[in-house]
Amino acid sequence: MFDLQHNLIENAWENRDMLRDEETRQAIRDVIEALDKGRLRVAEPTENGWQVNQWVKKAVLMYFPICGMETMEAGPMEYHDKIALKHDYAGQQVRVVPHAVARYGSYLAPGVVMMPSYVNIGAYVGSGTMVDTWATVGSCAQIGAGVHLSGGVGIGGVLEPVQAAPVIIEDHCFIGSRCIVVEGAHIETEAVLGAGTTITASTKIIDVTHDEPIVYKGRVPARSVVIPGSYTRHYPAGDYNVNCALIIGQRKESTDKKTSLNQALRDHAVAV
């Protein structure tokens with residue numbers, strides 16, 4: 001469906017002089033419009049796992065130089081930027097509370113609620129997801145359906161390098177207050193992150209529910225209940241505690257996701 005745009009964007013990535021051609025510029029605009037409407041995604045689930053569409057990220061990167069700075073007004077608010085804001089939330093069945101901001105080129109599915117928060121270009125937010133107060137969804141991040149991003153959550157964005165995977169939060173996850181998820185970390189379906197948990201590509205995620213610890217990096221397994229932790233590491237200057245994340249239990253499978261979440265929070269006394 002987007003073969004022509006794909007080819008033009010790949011060629012323009014190698015030869016930036018092509019950005020002067022209207023055909024190339026229109027191809028880039030077509031891709032950003034498709035991202036905005038959810039017809040394209042920077043990353044998408046497949047039978048073999050998540051696939052990163054690098055050419056779409058290239059289109060996002062090349063969209064900036066073909067856009068000029070403009071003054072935009074939203075009521076008494078004024079902005080000065082290259083990227084427009086999203087419009088027609090009512091038509092998209094999205095609830096947006098002042099002073100929430102979503103940039104054009106991000107996708108908000110029907111049923112999304114944005115409290116005063118921010119969603120950047122290239123991001124995808126699935127149906128029924130809550131983006132709570134002061135939460136940030138970075139560029140190209142992929143947020144599933146029925147997710148709760150609690151107050152102050154920071155979901156990192158990534159544009160370069162183009163081969164880098166974005167942060168992925170799968171369906172029905174609960175991300176507690178002030179959590180940070182960055183560097184392409186992958187939070188699998190129905191996982192729960194307790195308040196203040198930080199997950200990066202190098203964070204040790206230690207499952208402590210067995211006789212011996214099991215260590216993951218960059219990925220929280222499905223339905224895991226996770227809290228902040230630390231472990232002792234030796235340095236030339238002495239022994240110091242280093243942050244990690246601890247898997248302390250599992251959320252039970254349930255068709256009632258809310259009941260499953262509430263039970264997991266109670267069972268493991270997880271702060272949210």
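Of the 272 residues in this chain, 49% count as buried. Keep in mind that we're looking at a predicted model.

What does the fold consist of in terms of helices and strands? The secondary structure comes to five helices and 26 strands. As for contacts with a separation of 6 or more, 36% of them are made by residues 24 or more positions apart.

On overall dimensions, the C-alpha trace spans about 60 × 45 × 40 Å along its principal axes. A compact globule of 272 residues would have a radius of gyration near 19 Å, and the chain comes in at 20 Å, so the two agree.

Now the surface. The accessible area of the chain is about 13200 Å², and carbon and sulfur atoms hold 49% of that. On the charge side, there are 24 positive and 31 negative charges, and their mean positions sit 4 Å apart.

Then the cysteines. How many disulfides does the structure hold? The count is zero. Cys67 is in no disulfide, the nearest cysteine sulfur being that of Cys140 at 15 Å. Cys244 is likewise in no disulfide, and here the nearest cysteine sulfur is that of Cys179, 14 Å away.

Are Cys67 and Cys244 buried or exposed? Cys67 has a relative accessible area of 14%, which is under 20%, so Cys67 counts as buried. Cys244, at 5%, is also under that 20% cut-off and therefore buried.

| Cys67 | Cys140, 15 Å | 14% |

Key. Residues numbered from 1 in each chain as written. Predicted model: local features only at pLDDT ≥ 70, side-chain atom pairs only at ≥ 80, totals over all residues. Heavy atoms only, no water. Helix = DSSP H or I, 4+ residues; strand = E, 2+ residues; numbered from the N terminus. Rg over C-alpha atoms; globule rule 2.2 N^0.38 Å. Buried < 20%, exposed > 50% of the residue type's maximum accessible area, 1.4 Å probe, protein only. Contact = heavy atoms within 4.5 Å. Areas by Shrake-Rupley, 256 points an atom, 1.4 Å probe, with all protein chains shown as cover. Lys, Arg positive; Asp, Glu negative; His and termini not counted. Charge placed at Lys NZ, Arg CZ, Asp CG, Glu CD. Disulfide = S-S within 2.5 Å.
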